[in-house]
Amino acid sequence: MSDQSAGAAHAELLGRAFGKYVLVNKLAEGGMAELFLAKQLGVEGFEKNVVIKRMHSRLTSNPEFVTMFLDEARLAATLQHPNVVQILDLGVVDGAYFICMEYLAGEDFAALIRASRQRRATLPVAVVLRIIADAARGLHHAHEQTDAAGRPLNIVHRDVSPANLFVTFTGTVKVLDFGIAKAESTLAHTGAGVVKGKYLYMSPEQASGAKVDRRADLYALGIVAYEALTLTRPFARESDLAILKAVLETDRKPLAELRPDLPPSVVVAIEQALAPDPAARFQTAAQFADALDQILAAAGGTSQAQVQQFLTEFFGAEHVKARSRVPSLDELKRQPDLALNLASRTQSGDSLKRVSAVS
């Protein structure tokens with residue numbers, strides 16, 4: 001499909017009744033699915049902002065991809081924690097599998113690091129540690145998850161990166177996208193020797209294709225902390241092969257060399273998370289979070305409210321206001337393209353009757 005025809009297809013989706021939802025705007029696209037801002041509709045004008053993750057139509061005929069997608073939804077739906085994005089629904093509309101997730105107003109950590117890099121100004125150490133500690137709490141919840149019989153699910157996220165840590169404008173940190181997470185009880189197993197994830201944030205054992213456990217996520221979170229504190233990716237190289245070699249050999253500059261101004265306690269904690277040998281790292285994400293919380297407490301503490309204040313100052317109040325407010329469906333329907341799509345589907349049944357109810 002050409003870029004032009006793909007764009008037309010995406011435009012056609014916007015404004016349509018997608019089950020009990022209406023797709024409003026495309027947010028992002030990955031290899032497996034595309035994300036849409038959507039409205040969940042109900043009686044008497046009820047509407048709720050949500051995010052729809054819709055599997056690419058070209059993958060619906062591939063049983064392996066369908067199984068991975070459904071496994072992600074089932075897995076993520078079991079996780080109920082303030083620092084993990086919430087899964088609200090799973091379904092199929094017109095042959096397309098989708099996951100409905102909570103809508104979050106904010107920025108992913110990658111955007112924050114990227115903006116700091118552009119400004120050539122490092123992020124406050126306390127803010128970085130608060131974000132990493134809260135992300136560690138969310139990961140610990142996932143790592144500790146059990147099935148109905150109390151047996152450990154042995155969940156490993158496997159793709160911890162700045163793009164998968166979201167910071168809301170209220171200062172809450174959410175771990176996103178367990179799309180390639182592995183629970184030993186799931187059908188879509190990732191066998192030993194198969195490398196998945198982003199090379200830049202992989203632990204040496206994951207990069208080698210060996211079996212991984214929760215400590216691989218702690219290493220990746222340590223890499224995220226290193227990057228946020230130094231605005232440097234420790235294993236950035238000219239090719240994937242060179243990156244992989246650097247990861248396997250842990251060929252990077254020590255944190256203290258790039259940030260000699262950091263308190264020794266911060267350096268010790270991050271370097272422990274980055275130990276090449278998993279046995280030398282923190283053994284749980286809770287231990288990592290506890291260490292960072294102790295450092296923060298000794299320095300006077302950093303709260304969610306302080307993260308919120310920093311984001312407002314960093315991005316600007318107008319930016320935060322604009323990104324936090326989603327227009328109502330009535331307002332959106334006054335936009336010509338969306339209104340046309342809504343109007344052209346008056347015969348679509350009960351789903352569109354919900355749309356009409358808020359007209």
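**Entry 1: the nonpolar core**

I started with the largest nonpolar core of this predicted model. That core holds 69 residues, and I wanted to know which of them touch the most other members. They turned out to be Phe109, Leu112, Ile132, Leu221, Ile270 and Leu292. A general point I noted beside this: in soluble globular proteins, nonpolar side chains tend to be buried together.

Next I picked Phe109 and asked which residues it contacts, leaving aside its neighbours within four places in sequence. I found Leu123, Ile131, Ile132, Pro162, Leu165, Val224 and Ala228.

**Entry 2: aromatic pairs**

How many aromatic pairs are there? I counted six, taking rings as paired if their centres lie within 6.5 Å.

I looked at Phe282 and Phe288 to begin with. Their ring centres are 5.0 Å apart and their planes meet at 15°, so I wrote this pair down as stacked; the cut-off for stacked is under 30 degrees. Are these two residues buried or exposed? Phe282 has 7% relative accessibility, so it counts as buried. Phe288 is at 0%, so it is buried as well.

My next pair was Phe310 and Phe314. Here the centres are 5.3 Å apart and the planes are at 35°, so the pair is tilted. Where do these residues sit in the chain? Both belong to helix 11, which covers residues 304–315. They are four residues apart there, so about one helical turn separates them. I checked their accessibility too: Phe310 is buried at 13%, and Phe314 is buried at 11%.

**Entry 3: around Phe314**

**Entry 4: how confident is the predictor?**

I finished with pLDDT, the predictor's confidence in each residue. The protein's mean is 84, and 84% of its residues reach 70 or more.

Where does pLDDT stay under 50? I noted residues 184–191, for which the model has 16 contacts beyond four places in sequence. I also noted residues 342–359, where pLDDT is again under 50 and the model has 27 such contacts.

Technical notes
Residues are numbered from 1 along each chain as its sequence is written. This is a predicted model: local features need pLDDT of at least 70, side-chain atom pairs count only at pLDDT 80 or more; totals for chains, interfaces and linings use all residues. Side-chain values use heavy atoms; hydrogens and water are left out. Rings of Phe, Tyr and Trp (its six-membered ring) pair if their centres lie within 6.5 Å; planes under 30 degrees apart count as stacked, over 60 as edge-to-face and the rest as tilted. Buried means under 20% relative accessible area, exposed over 50%, partly exposed in between (1.4 Å probe, protein chains only). Helices (H or I, at least four residues) and strands (E, at least two) are DSSP runs, numbered from the N terminus. A nonpolar core is a set of buried Ala, Val, Leu, Ile, Met, Phe, Trp, Tyr and Cys residues joined through side-chain atoms within 4.5 Å. Contact means heavy atoms within 4.5 Å. pLDDT is the predictor's confidence in each residue, from 0 to 100.
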